[in-house]
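Please work through each task before reading its solution.

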Amino acid sequence: MDLHTDRPHPARVYNYLLGGDVYFDADKHAAEQGIRSNPHSRVPPRENRAFLRRAVRFLAAEQGIDQFLDIGTGIPSPPNVHHVAQSVHPGARVVYVDHDPIVLAHAATLLDGTGETRFLKADLLDPRAILESPEVRETLDFDRPVALLLIAVLHFVGDDQDPYALVAELLAALPPGSHLTLSHLTGDFAPEAWAAVTEIFRRQGVTMRVRTRPEVVRFFTGLDLIDPGLQVLPQWRPDTDEPPASDAAVSVYGAVARKP
Ligand SMILES: C[S@@+](CC[C@H](N)C(=O)[O-])C[C@H]1O[C@@H](n2cnc3c(N)ncnc32)[C@H](O)[C@@H]1O
């Protein structure tokens, strides 16, 4: 298993920023460099996990969804998708997908569900391989609505890799009533800070492409955005009275939309 421990990897940098313990020196170095150019670097991962949990609870409890395809899962940081989904629907099914071998190495934590939960090591850049995999075919019933989760992963897909076509191909395979839940880094509120972070990743050989609001909205083409539409994460159906972090500190948009 090649873990490429000599260069930073998004999943491990993210785990470091979340306060986890799954990272190597190169990941810590990149994260600390990021913190120097953007002192709020720990806010987006924290808000992103909170959004993920609110969105999955909403999908399960209010939209009746009990099947989830989570691409770009990340190193487990409980509660994970199946914990939240199965607290509403005990038999909820979840397929976790990530291309990082270190996520695979921690997949056991993702497989402790009471319902059927599977892990697939595959690449978002190859939707067909995901859709045709036994893990997906044996776990998810494509005759019933599925929630596709693309949480904090599309900003690792460059424009030359046609992220809009990838999302469209995945959605085309899902029946009406399915949902897309997506979050995405933006440079709209702190362009210089995010240009610096993007450059740190680029120098380490990692693509990062923050996107503007219209560029993120475009992922939802053909879908019905659910109220309150695309928001900076703390403004999406907040479940706390605490004052939200500033838009510049969060710098992540998120939304849930339904396939008509
Ligand atoms: C920032 S983490 C987000 C983790 C989780 N979705 C969350 O929101 O907490 C991004 C994850 O996407 C994965 N990833 C990046 N590019 C990917 C690709 N092309 N295919 C599959 N996974 C990818 C990384 O390995 C990493 O685990």
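**Exercise 1.** Determine how many nonpolar, polar and charged residues form the shell around the ligand, and which residues come nearest.

*Solution.* Step one: the shell around the ligand has nine nonpolar, six polar and four charged residues. Here Ala, Val, Leu, Ile, Met, Phe, Trp, Tyr, Cys and Pro count as nonpolar, Asp, Glu, Lys and Arg as charged, and the others, Gly among them, as polar. The model is a predicted one: local features need pLDDT of at least 70 and side-chain atom pairs pLDDT 80 or more, whereas totals for chains, interfaces and linings use all residues. Residues are numbered from 1 along each chain as its sequence is written, and side-chain values use heavy atoms, with hydrogens and water left out.

Step two: of the 19 residues around the ligand, those that come nearest are Tyr14, Asn48, Arg49, Gly72 and Asp98.

**Exercise 2.** Identify polar contacts of the ligand (pairs of N or O atoms within 3.5 Å), and state how much of the ligand the protein buries.

*Solution.* Step one: a nitrogen atom of the ligand lies 2.9 Å from a backbone N or O atom of Ile151. Step two: a polar side-chain atom of His99 is 3.4 Å from a ligand nitrogen atom, and a polar backbone atom of Gly74 is 3.4 Å from a ligand oxygen atom. Step three: the ligand taken alone exposes 590 Å², of which the protein buries 97%; accessible areas come from the Shrake-Rupley method with a 1.4 Å probe.

Step four: helix H1 (10-17) and helix H3 (43-62) are the elements that give two or more residues to the shell. Helices (H or I, at least four residues) and strands (E, at least two) are DSSP runs, numbered from the N terminus.

**Exercise 3.** Describe the secondary structure and extent of the protein chain.

*Solution.* Step one: the chain comprises eleven helices and eight strands. Step two: its radius of gyration, taken over C-alpha atoms, is 17 Å, close to the 18 Å that the globule rule gives for 260 residues, so the chain is as compact as a globular protein of that length. The rule is 2.2 Å times the number of residues to the power 0.38. Step three: along the principal axes, the C-alpha atoms fill a box of roughly 45 × 40 × 35 Å.

**Exercise 4.** Locate the cis peptide bond that joins Pro78 and Pro79, and the positive phi of Ala152.

*Solution.* Step one: omega is about 0° for the Pro78 and Pro79 bond, and Pro79 is in the loop between strand S1 (67-71) and helix H4 (81-88). Step two: Ala152, with phi near 55°, is in the loop between strand S4 (147-151) and helix H8 (163-172).

Conventions:
Near = heavy atom within 4 Å. Polar contact = N/O pair within 3.5 Å; in protein donor to acceptor, adjacent residues only side chain to side chain.
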